[in-house]
Amino acid sequence: MIREANQKAVLSPVERRQRNRNEMLTAILDASRAIMREEGAAALNLNEVARRVGLRTPSLYAYFSGKAALYDALFLLGIELFAERFRGAMSEPLLLWERLTVALETYMAFAQECPELYQLVFERPVPGFTPSEASMQASLSLLAEANAIVEGAFRAHGIVLPVPFNQATDLIIALQHGLTALHIANEPHLPAGEGRFGALIPTAVELFKSAWGAKSIEDIGREE
């Protein structure tokens, strides 16, 4: 039985090459993220990436066709990691305004935990970089998913918004990004939800609740 298990564990040459390639791809992305955290998202340097992973710079092109392709892979990684955190947070059985609070906190926490990817995904720190069509589609799909969750929560609570739904979500996005940017700029050492701007999340949600939560379908029916 032990010999049989060992035989199954032996990789074929093709499998071994693929495993080695995957490990190098991960190492390149990790090194790139470290450089971006240390020097800024726009400071990615292929020579430094190659040095950190033990390759010659031309050898990087066996993994990425150039700096734009490397940035694109990092952009897609950022989308995937944020989506994982967001879906995990939204899977909890929460009421509408609790859900909105958690969404804002999740966004801010991602910016703190993965600042280099946050900048690449939600800002424009790299002049000339444009995500590929596939990466942009992943971003738009996540946005549509988030919008559907928020809209579904409003509908489930019978709330009639005084503005078109796309404007409501844009307001939420603008507020969450603004609070996060100010928190990161002023008190990046404090956890999400704390400090001068992080602690404003509950107050911001209360503002939305006051503006949008007052009138439900039942209220309108009583007025008629």
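This is a predicted model: local features need pLDDT of at least 70, side-chain atom pairs count only at pLDDT 80 or more; totals for chains, interfaces and linings use all residues.
Another joins the side chains of Glu145 and Arg87, at 2.8 Å from N to O. Here Glu145 comes from helix H7 and Arg87 from helix H4, so the pair links parts 58 residues apart in sequence. Glu145 counts as partly exposed because its relative accessibility is 26%, and Arg87 is partly exposed too, with a relative accessible area of 44%. Elsewhere, salt bridges with shared partners connect Glu38, Glu48, Arg51 and Arg52 into one network. Within helix H3, Glu48 and Arg52 are four residues apart, about one turn of the helix, and their side chains meet at 2.7 Å, N to O.

Now for the nonpolar side of the picture. The largest nonpolar core has 39 residues, and those with the most contacts inside it are Ile28, Leu44, Leu70, Leu74 and Leu120. Helices H2, H3, H4, H5, H6 and H7 each give two or more residues to this core, and H4 gives the most, with twelve. Take Leu120 as a place to look around: beyond its neighbours within four places in sequence, Leu120 is in contact with Met36, Tyr71, Leu74, Phe75, Pro125, Val126 and Phe129. A second, separate core holds 18 residues, including Leu96, Ile159, Ile172 and Ala204.

Notes. Residues are numbered from 1 along each chain as its sequence is written. Side-chain values use heavy atoms; hydrogens and water are left out. A nonpolar core is a set of buried Ala, Val, Leu, Ile, Met, Phe, Trp, Tyr and Cys residues joined through side-chain atoms within 4.5 Å. Buried means under 20% relative accessible area, exposed over 50%, partly exposed in between (1.4 Å probe, protein chains only). Contact means heavy atoms within 4.5 Å. A salt bridge is a side-chain nitrogen of Lys or Arg within 4 Å of a carboxyl oxygen of Asp or Glu.
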